[in-house]
Amino acid sequence: MRGLRTVLVEQQDFGSGTSSRSSRLVHGGLRYLETGDLRLVLEANRERRILLRIAPHLVWPLPFVFPLHRGDRIQLWRLAAGMWLYDALALFRNVRGHRMLGKRTLLEAEPMLRERGLLGGARFYDAQCDDARLTLATVRSAVHHGALVANYTAVRALERTAGRVVGAQLEDRLTGARGTVRASVVVNATGPWADKVRVLEDSGAAPLLQPTKGIHVVVDRSRLGHREAIVFTSPIDGRVLFILPWGDLSYIGTTDTDTTESPEQLTISADDIVYLLRSANARFPNARLGLEDVRASWAGLRPLVADRERKAASSRSREHAIVQGSGGMITVVGGKLTTYRSMAAEVVDRAARELRFRNGRPRPYAPKTDEEPLPGGEAADLAQFRERGLELGLASESVEHLLRHYGTEAAGIYNLGAGERRLLRRLAPPHPAVEAEVVHAVRREMAQTVEDVLVRRTHLYYETPDRAVQAARRVAELMARERGWDEARVEEEAAKYVAFVGG
Ligand SMILES: Cc1cc2nc3c(=O)[nH]c(=O)nc-3n(C[C@H](O)[C@H](O)[C@H](O)COP(=O)(O)OP(=O)(O)OC[C@H]3O[C@@H](n4cnc5c(N)ncnc54)[C@H](O)[C@@H]3O)c2cc1C
């Protein structure tokens with residue numbers, strides 16, 4: 001958007017790293033009030049406001065209830081003070097201001113909450129997001145503005161001239177083809193992989209990261225019976241945890257533990273799952289959740305900036321850092337999904353300074369990334385789009401599903417269905433996703449594999465009891481029509497997905 005010629009490469013699928021394994025919140029970060037990261041809360045609250053505006057289909061307001069029980073480490077007066085500060089750091093422009101709630105009102109709002117020991121609490125507002133699709137929408141927005149982007153394309157080495165990094169050697173991970181891209185400035189924005197890429201620039205580069213692992217589990221929402229999002233402190237260790245609604249499902253998260261595991265091979269231990277389930281059971285005693293109730297789970301690695309004082313994992317700063325290596329490569333680490341836009345703006349400022357210094361290029365104009373909608377976010381009022389979907393004969397759940405995932409781009413899915421009615425059939429009934437989404441994912445969203453479609457484009461992996469194994473073959477067939485795959489390739493691609501689920 002600043003007029004720079006830009007290439008983006010991603011070694012797997014867009015968002016397949018940490019950015020599809022978050023808590024899916026665009027939030028100020030209530031708990032950072034405790035660690036005193038007020039600047040981060042201020043910045044994140046501002047970004048929340050912007051993202052609600054530029055991507056209303058992918059980021060939506062979420063009311064939270066924060067109940068306090070006797071014995072919790074946070075007292076009511078501290079919660080009240082924190083709530084006030086949180087609203088103040090949103091410049092009193094959050095979706096709505098908070099309200100303190102007495103025990104009775106709290107139980108009316110959340111009747112399944114543990115009544116014994118309940119002291120009161122608060123209702124406040126943050127936002128929920130579709131992390132993988134937000135990442136994808138951002139990449140697609142870059143494409144609309146002229147960037148060249150490729151998924152499944154890994155940086156294997158860096159190109160150098162007189163010691164300076166001037167490009168990268170790339171490998172197409174689907175075909176094995178290799179090539180080189182030259183660039184005046186190279187940015188390393190590889191999250192938990194950042195130190196590995198820095199070593200390509202300087203084999204002695206000191207690690208910048210001290211990552212922590214976070215896991216989430218998915219259970220049927222009816223088991224907990226909560227109505228709104230719940231934030232609470234775990235009675236086991238006092239950490240702040242979330243129970244988040246996602247349609248008929250609830251996400252419980254998250255852990256925050258130091259780890260030396262690599263981002264490709266994150267494990268989820270039974271102990272971590274039991275910790276989350278026991279914490280949730282303590283607040284919702286009728287749920288009685290056990291390991292057998294877990295429908296899905298995911299683990300992610302927070303690419304946190306190493307802390308010289310080596311603080312405990314959950315109090316380590318979520319602020320970001322931008323550093324330049326010995327060859328001039330700019331590395332950005334840390335931060336949160338919520339603050340990606342402002343982090344990116346800072347990185348591009350740095351790149352633009354570098355270009356001016358080296359090539360004397362004029363200052364690029366400052367783009368309006370805080371105003372321009374992401375693809376699909378052009379209108380917040382989708383009434384017309386809802387009507388059109390119903391006119392086509394889609395069930396209302398499918399229409400709502402399409403509006404939530406695609407915003408105004410649902411029109412593109414409708415057009416596919418209008419041209420070929422069978423594409424309006426459900427992919428994995430009773431889930432509301434329809435077959436036309438697969439065609440859209442290939443044509444417009446750069447999906448290359450069945451996993452791309454089922455995990456990050458449609459989320460059927462998380463949202464169906466069999467993790468969408470039944471739909472794999474049909475997805476491969478629909479992709480084959482677009483990609484020209486033969487029968488053997490269809491078999492192979494479907495089998496790869498089944499193996500992925502099994503593994
Ligand atoms: C459990 C958990 C919960 C979280 N919850 C929230 C939340 O609710 N809200 C929030 O705002 N933030 C949250 N975060 C933080 C947020 O998810 C991360 O800060 C953010 O997603 C990091 O994005 P990233 O682009 O830096 O890293 P990633 O998303 O990991 O992206 C880096 C990409 O670089 C690619 N890559 C690596 N090496 C190469 C190479 N050699 N060549 C090409 N590509 C390469 C990888 O494949 C990867 O896709 C959470 C994090 C975790 C772990």
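Predicted model: local features only at pLDDT ≥ 70, side-chain atom pairs only at ≥ 80, totals over all residues.

Visitor: Which residues does Thr449 touch, not counting residues up to four places away in sequence?

Guide: With those neighbours set aside, Thr449 touches Tyr152, Met479 and Glu493. Thr449 itself is found in the loop between helix H13 (436-444) and helix H14 (450-457), and its side chain reaches the backbone nitrogen of Asp452 at 3.0 Å.

Visitor: Is Thr449 buried or exposed?

Guide: The term buried applies under 20% relative accessible area, and Thr449 has a relative accessible area of 14%, so Thr449 is buried.

Visitor: Which residues other than glycine have a positive phi?

Guide: Arg24 is one of them, with phi near 60 degrees, and Leu91 is another, with phi near 55 degrees. Arg24 lies in the loop between strand E1 (7-9) and strand E2 (25-26), while Leu91 is found in the loop between helix H3 (76-89) and strand E4 (99-101). As for accessibility, Arg24 counts as buried at 2%, whereas Leu91 is partly exposed, with a relative accessible area of 46%.

Visitor: Turning to the ligand, which of the residues around it come nearest?

Guide: Of the 31 residues around the ligand, those that come nearest are Glu10, Thr18, Ser19, Leu25 and Thr338. By class, the shell around the ligand has 10 nonpolar, 16 polar and 5 charged residues.

Visitor: What distances separate protein atoms of Gly17, Ser19 and Leu337 from an oxygen atom of the ligand?

Guide: For Ser19, a polar side-chain atom lies 2.5 Å from an oxygen atom of the ligand. For Gly17, a backbone N or O atom lies 3.5 Å from an oxygen atom of the ligand, and for Leu337 a backbone N or O atom lies 3.1 Å from an oxygen atom of the ligand. Taken alone, the ligand exposes 1000 Å², and the protein buries 89% of that. Two or more residues of the shell around the ligand come from each of strand E7 (153-161), strand E11 (212-220) and strand E16 (296-302).

Note on methods. Residues numbered from 1 in each chain as written. Heavy atoms only, no water. Helix = DSSP H or I, 4+ residues; strand = E, 2+ residues; numbered from the N terminus. Buried < 20%, exposed > 50% of the residue type's maximum accessible area, 1.4 Å probe, protein only. Polar contact = N/O pair within 3.5 Å; in protein donor to acceptor, adjacent residues only side chain to side chain. Contact = heavy atoms within 4.5 Å. Near = heavy atom within 4 Å. Areas by Shrake-Rupley, 256 points an atom, 1.4 Å probe, with all protein chains shown as cover. Nonpolar A, V, L, I, M, F, W, Y, C, P; charged D, E, K, R; others polar.
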